[in-house]
There are 2 protein chains.
Amino acid sequence: MNNILIIGAGLCGSLLALRMAQRGFEVTLVEKRPDLRKVTQDAGRSINLALSDRGLRGLRLAGVEEEAKKLCIPMNGRMIHDAKSNTFLSPYSGRKDEYINSVSRPGLNMLLLDEAEKIPNVKIIFNHACEEVDLENASAVFKDFNTKKELKIQADVIFGTDGAGSAVRKNMFDSHKFLFSFSQQWLSHGYKELEIPATENGGYRTYKNALHIWPRGEDMLIALPNLDGSFTVTLFLPYENSDYCFANLTTPEMVYEYFNKEFPDVVEMIPNLADEFFTNPIGQLGTVKCSPWHSFGKVLLMGDAAHAIVPFYGQGMNASFEDVVVFDEVLSSLQQPLQKKEVDWNIVFSEYEKRRKKDADAIADLAVDNFHEMKEHTAMEIFQRKRKLETVFEAEFPEEYYSKYSLVTFKESISYSEALKRGRAQDKAILNLLDDGKISEEMSLKEKLELVKKETEAILHDDEVAFG
Amino acid sequence: MNNILIIGAGLCGSLLALRMAQRGFEVTLVEKRPDLRKVTQDAGRSINLALSDRGLRGLRLAGVEEEAKKLCIPMNGRMIHDAKSNTFLSPYSGRKDEYINSVSRPGLNMLLLDEAEKIPNVKIIFNHACEEVDLENASAVFKDFNTKKELKIQADVIFGTDGAGSAVRKNMFDSHKFLFSFSQQWLSHGYKELEIPATENGGYRTYKNALHIWPRGEDMLIALPNLDGSFTVTLFLPYENSDYCFANLTTPEMVYEYFNKEFPDVVEMIPNLADEFFTNPIGQLGTVKCSPWHSFGKVLLMGDAAHAIVPFYGQGMNASFEDVVVFDEVLSSLQQPLQKKEVDWNIVFSEYEKRRKKDADAIADLAVDNFHEMKEHTAMEIFQRKRKLETVFEAEFPEEYYSKYSLVTFKESISYSEALKRGRAQDKAILNLLDDGKISEEMSLKEKLELVKKETEAILHDDEVAFG
């Protein structure tokens, strides 16, 4: 029971391969794309991601946290850009040591592949697309991109870490031997990546250590810094039925009209705006949930293959890395004192899904919530008052108060599902206390905090009584 | 723009065909199964359904309400059977005139087919399974079950009313020309139908005018009366991981052990219990949601094809019939003063989905809620106290109070989504007032009602502030 086949060598698959090899398993890692360390790929062009505490915990488990941090640019808060090009920095937390990191996806992926390859019991095969998985027998057939030849790999167990469009998951969906619950939900918005290049001497054209955001109601632009001085910019825009949308931004004139109106400071920073706009593809924003994640004690889905989420909480990669941490914990709790060869994978997979599923669902829902919050709420006065109050709470009472964002992003000791429950109750408590005028200026900050905590507990209690 | 193709001649498709023909359209209705008026089919064996106000409204629209009522047996409440075979009747409403009806699915389907066939502009084709739908061109290919020949039908628009496993919907799912959000969720329980036969002289073996229910925590048995004196019994049972489940009820001895323990009064009423148990198939309980329901202004999904729900609110057929009512309203509001041939189907379909989608989602969620409530809550003291209070409210203040169940089942003037929102808030208000001891015996019933109403409004207000 030692041979493990991992399908998909993205961030989750690479970290999983590394960790499972460290545990002594024989690992074969198969990737449909070329080796991104040898071939420059569009798919890995300039995409960067937000790496935060839950992700770092996964990297720490595999002993690569320090190396990974060299690829990171700390972002201490959101730099909000209004329509008149005014900016203000909204910190992610009232605690000084809490920030998120901008990291290059291909850079981090390369690091993980390098580390995995150093271990003798890891074999990595690129350019092989998964065509079919025999779920009951733990074998899979791949097609070599170059020779077009088929390769069949027989394993003891298979991990599907092949991302949001997972071929392994599709085999589960199409199998009619068990009931497979499945959901794919698309947002009404798509996204397009653009680039703010570095200055001629390699400097940053705007403030380096922030996640920049231009909230405009229905639309939104964000930018994350890269090590080379550039920023990767992402435009989130409705497909249709809006004054400006992908359906009507069809000419350079329209693109410039739109950007000049909504993001004038960005126009100055992107020299080839229209070119980039029409060259780069429109990406889709979807949430995928499914259950069970495993079948026949032979195959398990992890990472985006099991739970693809929209990017608005910056938790996609972090959730995938946390998957590896939770899986490793389950393996440790169930494997000892057994030998490796005696692993009962069916029990391991069941226990893993039991522990993890509710948290994967929670971060998916939180990410969709945040899509609406970032678009709409950042401009609403009551939400700004809430945010201000929470920042002061976190600064003055760092051990006593964590905002929903902080619970999700910095408090990896509690689960996503707990963060969702508590975070939503806190938000509801503060918003209603503000709306009812119950938080008055005469109160001390401590009194305000106690009131919020009491109201939060009342909300949690009332929900518990009604919904269990 | 006059030729309408309706795929699926079940309850929704038959009513839609009848109504569209009454409006003057040329209707072709295609069904994969044989004509159930000529061939006795297992699929239509003895299944009965609960018909309530929303469904009756659809039948009324098509002028067949009175005929349909002849097929109905009124059920005034739930007859609860405890493990010691004690029974008590829990009325569906505190208002005397509110009840639901047990009706035969094939009986009602035959009535609708008969009525549709009377109209010259309706053509019905049986034994033709849909193989492919050209979504952009409103044509579909069918295979004749007997001759195996293919038949292509070209229409102006197509309605997919082919049920939970819709072939039309599958064409939308597999099309990659637009983003199709889709969800299928299976419960951990399956169901099996059994029959309590009529007595030798055609009488009923238990009380006729009730929906019988044997709640047992994880498991549940229900029974609805048929016109011939029999009852159709449905067992809801987990597939696995339970003391008694489909996975371990594998011998007649096990089946009798289980029924004797949990449902002793039923054993006496089903002479061939084990035979029936092993002959009848296990059914699956799933919720299907999707969006968009329409594509290219040419194809629209309705009924279970668009929104299959679990049966625990008795609203599946009622929701489908209400679909036809809402669609008819949209057509009326947009068609006049246009001539038929000028219908802009894209606008009609969009407007219909906009009005209807949130309500289809709501009844799907309510039905899953009720699965848990029926299994677990009926045995919990606080839920029984709530139910008792609500029944008195409805009896004493029939114009002022509607329980969640009554809002959904009897108050067709408000939508499912409104019923969900208000019903959940009311439930939460009452449960918390009871839990906090705020409803005291000294209070008059009117005072209790006012307190519940006030608390409900406060809950709705707080949610509005926090979640919009």
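Tutor: We start with a cut-off: buried means under 20% relative accessible area, exposed means over 50%, and partly exposed lies in between. Keep in mind that this is a predicted model.

Student: Is B:Asn127 buried or exposed?

Tutor: B:Asn127 has 18% relative accessibility, so this residue counts as buried. Its place is the loop between β8 (122–125) and β9 (128–134) of chain B. The backbone has a feature to note as well. B:Asn127 is not a glycine, yet its phi is positive, about 65 degrees.

Student: Which residue of chain A, in the loop between β18 and β19 (299–301), can I compare with that?

Tutor: Look at A:Phe296, which sits in that loop. Phi of A:Phe296 is near 60 degrees, a positive value in a residue other than glycine. Now apply the cut-offs. A:Phe296 counts as partly exposed because its relative accessibility is 38%.

Student: Give me a case from a helix.

Tutor: Take A:Phe383 in helix α11 (residues 381–396) of chain A. At 13% relative accessibility, A:Phe383 is therefore counted as buried. Sequence and space can also be read side by side. A:Phe383 and A:Thr279 are 104 residues apart in sequence. From C-alpha to C-alpha, A:Phe383 and A:Thr279 are 37 Å apart in space.

Student: Now a strand. Which residues lie on each side of strand β12 (residues 157–160) of chain B?

Tutor: B:Val157 and B:Phe159 lie on one side of β12(B), and B:Ile158 and B:Gly160 on the other. All of these residues are buried, so both faces of the strand are covered.

Student: How many bridges join β12(B) to strand β1 (residues 3–7) of chain B?

Tutor: There are 4 bridges, and β1(B) and β12(B) run parallel.

Student: Where can I see an antiparallel pair in chain B?

Tutor: Go to strand β5 (residues 77–81) and strand β6 (residues 87–91) of chain B, which pair in the antiparallel sense over 5 bridges. β5(B) and β6(B) form a hairpin, with 5 residues between them. In the turn, B:Ser85 has a positive phi of about 70 degrees.

Student: Where is the cis peptide bond in chain A?

Tutor: The bond from A:Ser291 to A:Pro292 is cis, with omega near 0 degrees. A:Pro292 is in the loop between β17 (283–291) and β18 (294–295) of chain A. Chain B has a cis bond from B:Ser291 to B:Pro292, with omega near 0 degrees. B:Pro292 lies in the loop between β17 (283–291) and β18 (294–295) of chain B.

Student: What relates two copies of a chain?

Tutor: In general, a rotation about an axis and a shift along it. Here, a rotation of 180 degrees with 0.0 Å of shift along its axis superposes chain B on chain A, at an RMSD of 0.0 Å. The two copies are thus related as by a two-fold rotation axis. Of the residues of chain B, B:Ser183 comes closest to that axis, its C-alpha lying at 2.0 Å.

Student: How is the size of an interface often given?

Tutor: As the accessible area lost when the parts come together. Chain B and chain A bury about 2200 Å² between them, and carbon and sulfur atoms give 58% of that. On the side of chain B, the residues that lose the most area to chain A are B:Leu179, B:Lys428 and B:Val465, together 25% of what that side buries.

Student: Why do we say that the copies meet through the same surface?

Tutor: Because 100% of the interface residues of chain B are also interface residues in chain A. In contact are 23 residues of chain B and 23 residues of chain A.

Student: How many salt bridges does the rule find across this interface?

Tutor: The rule finds 2 salt bridges between chain B and chain A. One of them joins B:Lys428 to A:Asp463, with the closest N and O atoms 2.6 Å apart. β13 (181–196), α13 (416–435) and α14 (445–467) of chain B each supply at least two residues of the side that touches chain A. Polar contacts between the chains link 14 residue pairs.

Note on methods: Residues numbered from 1 in each chain as written. Chains lettered and ligands numbered in written order. Predicted model: local features only at pLDDT ≥ 70, side-chain atom pairs only at ≥ 80, totals over all residues. Heavy atoms only, no water. Buried < 20%, exposed > 50% of the residue type's maximum accessible area, 1.4 Å probe, protein only. Pairing = 2+ DSSP bridges. Least-squares fit on C-alpha atoms with pLDDT ≥ 70 in both. Contact = heavy atoms within 4.5 Å. Buried area = accessible area lost by both parts, 1.4 Å probe. Salt bridge = Lys/Arg side-chain N within 4 Å of Asp/Glu carboxyl O. Polar contact = N/O pair within 3.5 Å; in protein donor to acceptor, adjacent residues only side chain to side chain.
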